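Here is a short tour of one protein chain, arranged so that you can follow it with the model open beside you. Take the topics in any order you like.

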Amino acid sequence: MTDPWEAQREVLGAFIKEQRKRANLSLRQLAELTSLSNPYLSQVERGLHQPSVRVLKALSGALNVSAETLLAQAGLIDAMVPSEATGDEAAGSAERAIPGTEEAILADPRLGNEQKAALIAVYRSMLAPQNSAIANGTTQDG
């Protein structure tokens, strides 16, 4: 059975790598921006190290991602649900269903750790634009 912290490190690493690529940064450039070593960042991206809160804060600034997002990806805090702040119960209950999807991915024995990390990273990246579109009153359907 896979250690849940190991899987969480892999998910976090895949997320950081995805954000770095979206920012069009090389590993070396990210290392310079964060004052971290290139080999260490490589190991974080591969899920071999659990970065400290200080490292996550440095990465959040360099990648233009909120520190809260990285802490949630690291499994150190629960992600805040925007709809709970507005009192929208229907959207809040839909948001609370999200961890079940991630748990199902993590529990699937047919998937390797890298596949699980990639699927969860893609799944999470798909949620943000959709939620923004719904909040703005626009959807792809028209």
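**A loop residue as a way in**

Let's begin with Val 65, which sits in the loop between α4 and α5. At 12% relative accessibility, Val 65 is buried, since the cut-off for that label is under 20%. Please keep in mind that this is a predicted model.

**More on Val 65**

- Setting aside neighbours within four places in sequence, Val 65 is in contact with Phe 15, Gln 19, Ser 60 and Leu 70.
- Val 65 and Ile 16 are 49 residues apart along the chain, and their C-alpha atoms are separated by 9.5 Å.

- Ala 67 belongs to helix α5, which spans residues 67–73.
- With a relative accessible area of 24%, Ala 67 is partly exposed, because that class lies between the 20% limit for buried and the 50% limit for exposed.
- Lys 57 and Ser 60 are in contact with Ala 67 when neighbours within four places in sequence are left aside.

**The chain as a whole**

- How many helices and strands does the chain have? There are nine helices and zero strands.
- Along the sequence, the pattern therefore reads α-α-α-α-α-α-α-α-α, with each element being a DSSP run numbered from the N terminus.
- Of the 142 residues in the chain, 33% are buried.
- Among contacts with a separation of 6 or more, 55% are between residues 24 or more positions apart.

**Helix α3 and what packs over it**

- Helix α3 covers residues 38–45, and its buried residues are Leu 41, Val 44 and Glu 45.
- Why do the buried residues of α3 line one face of the helix? Seen down the axis of α3, they fall within an arc of 95°, so they share one face.
- As background, an α-helix has 3.6 residues a turn, so residues three or four places apart point the same way.
- The cover over the buried residues of α3 includes α1 (4–22), α2 (27–34) and α4 (53–63).
- Beyond α3 comes Gly 47, which has a positive phi near 80°.

**Thr 34, in helix α2**

- Thr 34 lies in helix α2 and is buried, with a relative accessible area of 6%.
- The side chain of Thr 34 reaches back to the backbone oxygen of Leu 30 at 2.8 Å.
- Not counting residues up to four places away in sequence, Thr 34 touches Leu 41, Ala 58, Leu 59 and Ala 62.
- Leu 41, one of those partners, is also one of the buried residues of α3.

**Two loop residues with positive phi**

- Asn 24 is not a glycine, yet its phi is positive, at about 55°.
- Asn 24 is placed in the loop between α1 and α2, and at 67% relative accessibility it counts as exposed.
- Ser 35 is likewise not a glycine and has a positive phi of about 60°.
- Ser 35 is found in the loop between α2 and α3, where its 69% relative accessibility makes it exposed.

**The second largest pocket**

- This pocket has a volume of about 250 Å³.
- Its lining consists of Glu 10, Ala 14, Lys 17, Leu 27, Ser 42, Glu 45, Arg 46, Asn 113, Glu 114, Ala 117 and Ala 118.
- Which elements give two or more residues to the lining of the second largest pocket? They are α1, α3 and α9 (113–135).
- The most comes from α9, which gives four residues to the lining.
- By type, the lining residues divide into four nonpolar, two polar and five charged.
- Glu 45 takes part in this lining and is also among the buried residues of α3.

Terms used: Residues are numbered from 1 along each chain as its sequence is written. This is a predicted model: local features need pLDDT of at least 70, side-chain atom pairs count only at pLDDT 80 or more; totals for chains, interfaces and linings use all residues. Side-chain values use heavy atoms; hydrogens and water are left out. Buried means under 20% relative accessible area, exposed over 50%, partly exposed in between (1.4 Å probe, protein chains only). The arc is that of the directions from the helix axis to the C-beta atoms. Contact means heavy atoms within 4.5 Å. On a 1 Å grid over the protein atoms alone, a cavity is a set of points where a 1.4 Å probe fits but cannot get out, and a pocket is an open set with protein on both sides within 12 Å along at least five of seven lines; lining residues have an atom within 4 Å of a point. Grid points are joined across faces, edges and corners, and a volume is the space filled by probe spheres set on the points. Ala, Val, Leu, Ile, Met, Phe, Trp, Tyr, Cys and Pro count as nonpolar, Asp, Glu, Lys and Arg as charged, and the others, Gly among them, as polar. A polar contact is a pair of N or O atoms within 3.5 Å; within protein, one must be able to donate a hydrogen and the other to accept it, and residues adjacent in sequence count only if both atoms are side-chain atoms.
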